[in-house]
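Please open the model in a viewer and keep the selection panel at hand.

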Amino acid sequence: MHDFSGYEMLRVPHDAVSAGEASEFAEYWYGLHDVATRRIATERDDTFAVSLRGEAEPRYILKFEHPAESRDSVLLRAQALTLLQETQPDIPATRLIPARGGELVTRFEQNETVRWTTLTTFLHGVMVSALSGPLPRPLLDDIGFQLAQIQCALSDMSYCDTPGRVLWDMQLLPQIAEDLLPMLHEAESRRRVSQAVDDYMIVAPVVEQLPATLCHGDFHPGNLMIDPDAPQRLSGILDFGDMHMMPPICDLGTCLSYLIDERSYPNDPLMPCRVTLEGYVKGIGYGNGHSFANAWQLDLLPSIVEARGALAVLLPLMTEQFSGVDAGHYLTDLQQRINKLRLVQDLGQLVAERLGIARQRSMLEHSSQHIITQHAS
C-alpha cells in the first residue's frame with residue numbers, strides 16, 4: 001500500500017484518552033471546573049462532549065488528535081476557525097476557544113507520546129442528515145451559499161500540505177483505488193469504482209493545475225445543523241478536521257455528491273444538487289469570487305462528483321476494518337453509496353444538464369465581469 005500518513009492514523013493503534021483524563025485536561029488548560037465529559041465516536045482521534053456542572057446539554061467539544069497528526073496541521077485548522085469568527089461572524093461555524101494562556105492548540109502527553117488538542121464550541125440543533133423527507137429548497141440554497149462564503153473567507157490562507165495526510169483528497173483516488181479495491185468483493189462494485197478512476201484520470205491533469213486554497217473538505221449533511229424553529233437556513237457548521245489544500249471545485253463536488261436524493265426525487269435525483277449549486281454561485285458573487293478563478297471549472301463537476309462517490313465507497317471499508325469504526329458511523333451504508341455512484345455513471349453526459357452547469361457558468365461569468373468592471377471603475 002502507499003505510504004500515506006492518513007493510513008497510519010487509521011491503522012496504527014494508539015492509547016485512548018479516558019473521560020477522567022479529558023476532564024483533568026479541560027480544567028488544567030482551559031479552567032473548566034467540575035465538568036462531565038462524554039466520548040463521541042470518531043475515526044482517528046479521541047473526542048469528547050464537555051458539559052459544565054448542572055447543565056444537561058454539552059457546551060464544548062474537546063478533541064485529542066491522533067499522535068500522527070502534526071501540530072502544524074492542527075494549528076492551521078485552529079487559525080482558520082479564528083479567521084472565520086473574526087472576519088465572517090455571520091458564518092455559523094463552530095468557534096475555537098483559546099486556552100487560559102491564549103494558546104490555540106494545546107499539548108497532551110500520554111505515555112511519552114504527544115497529542116495536540118483543541119477546544120471548540122458545541123453546536124446545538126438538528127443535523128441536516130437527520131431530517132426526514134426532502135430538504136427545503138431555501139436550505140439547499142443556503143448550504144451552497146455558506147460553502148462559497150467559507151471558501152472566499154479562507155482563500156488567502158495557504159499551507160504546505162502533505163499529500164495523503166487527508167485521505168479524502170480527491171487527487172488521491174487512483175492510488176487509493178489501487179490499494180483498497182481488493183477489499184471490494186462484489187464484481188460490479190469493483191467495476192464501478194474502476195470506471196470512476198478512469199473517468200477521473202481524464203480530468204486529473206486539469207484538476208492538478210488548478211490553484212489550491214484551504215477548504216472545509218467534508219461539507220456534507222452530517223456536518224451541518226439547523227435550528228428546528230428556523231429550518232430554512234444553516235445554524236451550525238462543524239467538523240473542520242478534514243480541512244486541506246485543494247481546488248475549491250473539489251470542495252464543491254464533495255458537497256454535491258452527498259445531496260443526490262433518488263428516494264425523494266426519483267425522476268430528478270440531482271435536483272438538490274442543482275439548487276445548492278445555484279446558492280454556491282450566488283455566494284461566490286457575493287464574496288467577489290475570490291475562490292473561483294474561471295467559470296469553466298464547473299464543467300469538471302460531473303467527474304469530481306463521481307470521484308468523491310468512489311472514495312465514499314472505498315475509504316469506509318478501510319476505517320471499518322482497521323479502526324473498528326461501526327458502519328453506522330457513516331451517513332449511508334455501502335449499498336447506498338454504490339447506488340449513488342451507479343446513478344451518476346448511468347446518467348453520463350446528462351449529469352451536467354441535470355446540475356444546470358451551463359446556466360450557472362453563465363451566471364458566474366456575468367458576476368466575474370461585473371467584479372472586473374467594478375475594480376476598473
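How many bridges join β3 to β5? Five bridges join these strands, which run antiparallel. This is a predicted model, in which local features need pLDDT of at least 70 and side-chain atom pairs count only at pLDDT 80 or more, while totals for chains, interfaces and linings use all residues. Residues are numbered from 1 along each chain as its sequence is written, and side-chain values use heavy atoms, with hydrogens and water left out. Helices (H or I, at least four residues) and strands (E, at least two) are DSSP runs, numbered from the N terminus; two strands pair if DSSP finds at least two bridges between them.

Then extend the selection to the open sheet, whose five strands follow the order β1-β2-β3-β5-β4 with antiparallel pairing. β1 (35-40) and β4 (106-110) each have a single partner strand, so one side of each edge strand is left without a neighbour in the sheet. From one strand to the next, the twist averages 30°.

Contact here means heavy atoms within 4.5 Å.

**The three-stranded sheet**

Next, select the open sheet ordered β6-β8-β9, in which the pairing of the three strands is antiparallel. Its edges are β6 (126-127) and β9 (230-237); each has a single partner strand, so one side of each lacks a neighbour in the sheet. Two bridges pair β6 with β8 (residues 224-227), and Val 126 has Ile 226 of β8 as its bridge partner. Helix α4 (residues 137-153) lies across β8 and β9, at about 30° to β9.

**Leu 301**

Move to helix α9 (residues 301-322) and select Leu 301. Is Leu 301 buried or exposed? Leu 301 is buried, with a relative accessible area of 0% (buried means under 20%, exposed over 50%, partly exposed in between; 1.4 Å probe, protein chains only). Leaving aside neighbours within four places in sequence, its contacts include Ile 249, Leu 252, Leu 277 and Ile 357. Val 351, 50 residues away in sequence, is 8.8 Å from Leu 301, C-alpha to C-alpha.

**The pockets**

A pocket is an open set of points on a 1 Å grid over the protein atoms alone, where a 1.4 Å probe fits, with protein on both sides within 12 Å along at least five of seven lines; lining residues have an atom within 4 Å of a point. The largest pocket holds about 1,200 Å³ of space. Of its 46 lining residues, Thr 42, Gly 222, Asn 223, Leu 238 and Asp 239 are the closest to its centre. α3 (71-87) supplies the largest share of this lining, four residues.

For the last stop, select Tyr 258, Ile 260, Asp 261, Thr 332 and Lys 340, which lie nearest the centre of the second largest pocket among its 32 lining residues. About 880 Å³ of space lies there, a volume being the space filled by probe spheres set on grid points joined across faces, edges and corners. α9 and α10 (334-347) each supply at least two residues of this lining, and the largest share, seven residues, comes from α10.

How values were computed
Axes are lines fitted to C-alpha atoms, for helices over the stretch in contact, and angles run from 0 to 180 degrees between N-to-C directions.
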